[in-house]
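My notes follow in the order in which I looked.

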Amino acid sequence: MNAEAPVSGVQPPPSPRSLADTGLSTVMMRDILLKSMFRTNQSLVSALSKVISLPVPLTQELVDLARTQKLLTAMGTMSATSGNEMGYELTDAGKARALDALSQSEYYGAMPVPLDQYQVQIKRQSVRDIRLNKEQLLSGMGHLILPPDLIDNLGPAVTSGRSILLYGPPGNGKSSISHGIRAALGDKVYVPRAIEYSGQIISVYDPIVHSAAEAAVDDPNSLRRTSNRFDNRYVYCERPSVITGGELSLDMLDLNYNPTARTYQAPLQLKATGGIFIIDDLGRQAEPPQKIVNRWIVPLEESRDILALQSGEKFTVPFDTLVIFSTNFHPNQIFDGAALRRIFFKIKIDGPSQENFLKIFAMVARKKKMPLDETALMHLMKVKFPTIQNNYANYQPVFLIDQMIAVCDFENIPYQMTPELIDRAWGNMFVRQEEIAH
């Protein structure tokens, strides 16, 4: 019995039942087949089917077409290891055609998905159609201890699929909250291995960004024309999450053309389609924050982005991404009013209250097997924190406890919490403003 499409709220892209269903020209598909055979040395249709991500019957059609054009020839022998499958090899004319095609573009492997077909799939799995409840959002946040009004503010922001600005003092979990939002999304989407526009192929699937969940499988022995559970030109993935920080530059948001291979890589925001794009540490990039937000005006307002090919030709791609900006600066310091209006939700992430700080401290201590000591805690709260105007931050419990653990490990003593160890840990959390002798 053939398995059905993976269980998900997202409708899968149907597997093509004919070469016409792929939406690609026969010449492009034939050339990708020849280049793939040249580069991978695969000779069996079942193996080539996996390489070019088409069902076996369609791969066989392409092989037969290339044979009629005298670009492929049957090897004539069936080995025991091939399961009585006929093998094929490139003729001299086929090798010449493969080399010529490779000189135009080094791309080989999975057949691309035409941009218009991909647009249909984007609508099926739009991040703007996600409806999260409070429990799902809290679950995504894991063990983060957050004030109740924060979740109440985050919920509408996430379910709207609009842009979010998280701002506040450093070390209070803005990045962790961004990751928690991604975890709360939960379901999965279909990411194309590559897309095609105007004869150009753009690689999209990126193992660094996309976490593959399952691939379609074609059963060559099936009586059905294709037994794929979904179009294998796509990869079934967790909703993508792209995270950038101070290294983000505006050219990362453009198509990346490799002049040697003559191939394109999708920009980061296209790889994040159907998921989240997190711009962390806004204000630390080489370009000013105002300029970075200006680049997002059209995508954020019109749900589309404009990209340019090497030829200068511009084209439109869907923009279906939840953009989260995170900064330690006050928004009024880095944006003008027009830029701030473009960002739909602005949520301040403050440090914890004293009560929540103690809850976090106890939770971290328990997790790291550090016994709590009342005298040491009183020393921390009554002696140390007043020196910084009782400014509590979410990162402090982990930092202080890890410091005490490091001392205990070095001195080969059982884990313990003492006023002296608190002082030593505290000393590493801040650098005193003092002159350095030259």
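I started with Gln125, which I count as buried because its relative accessible area is 2%, buried being under 20%, exposed over 50% and partly exposed in between, with a 1.4 Å probe and protein chains only. Gln125 sits in the loop between helix 5 (115–124) and helix 6 (134–140); helices here are DSSP runs of H or I with at least four residues, strands are runs of E with at least two, and both are numbered from the N terminus. Setting aside neighbours within four places in sequence, I found Gln125 in contact with Val10, Val189, Tyr190, Arg239, Gly274 and Asp320, where contact means heavy atoms within 4.5 Å.

For the record, this is a predicted model, in which local features need pLDDT of at least 70 and side-chain atom pairs count only at pLDDT 80 or more, while totals for chains, interfaces and linings use all residues. Residues are numbered from 1 along each chain as its sequence is written, and side-chain values use heavy atoms, with hydrogens and water left out.

Next I looked at Ala74, which lies in strand 1 (residues 72–74). Is Ala74 buried or partly exposed? Ala74 counts as partly exposed, because its relative accessibility is 24%. Its contacts, apart from neighbours within four places in sequence, are Arg67, Met86, Gly87 and Tyr88. I also noted that the C-alpha atoms of Ala74 and Ser43 are separated by 9.2 Å, although the two residues are 31 apart along the chain.

Which of its 27 residues touch the most other members? They are Leu33, Leu62, Leu72 and Met111. Two or more residues each come from helix 1 (26–40), helix 2 (45–52), helix 3 (56–68) and strand 2 (88–90), and helix 1 gives the most, with 6 residues. Not counting residues up to four places away in sequence, Met111 touches Leu24, Met29, Ile32, Leu33, Ile52, Leu54, Leu62 and Arg233. A second, separate core has 25 residues, including Phe357, Tyr392, Met404 and Met417.

I checked the length of helix 1 as well: its 15 residues should span 21 Å at 1.5 Å a residue, and its end C-alpha atoms are 21 Å apart, which agrees; the expected span is 1.5 Å times one less than the number of residues. Buried residues in helix 1 include Met29, Arg30, Asp31, Ile32, Leu33 and Lys35. Just after helix 1, Asn41 takes a positive phi of about 60°.

I gave helix 14 (residues 354–367) the same check, and its 14 residues should span 20 Å, in agreement with end C-alpha atoms that are 20 Å apart. Its buried residues are Asn356, Phe357, Ile360, Phe361, Val364 and Ala365, and they pack against helix 15 (374–384) and helix 16 (396–411).

Last, I noted the chain totals. The chain has 17 helices and 17 strands, and buried residues make up 49% of its 438 residues. Among contacts between residues at least 6 apart in sequence, 74% join residues at least 24 apart.

Methods
A nonpolar core is a set of buried Ala, Val, Leu, Ile, Met, Phe, Trp, Tyr and Cys residues joined through side-chain atoms within 4.5 Å.
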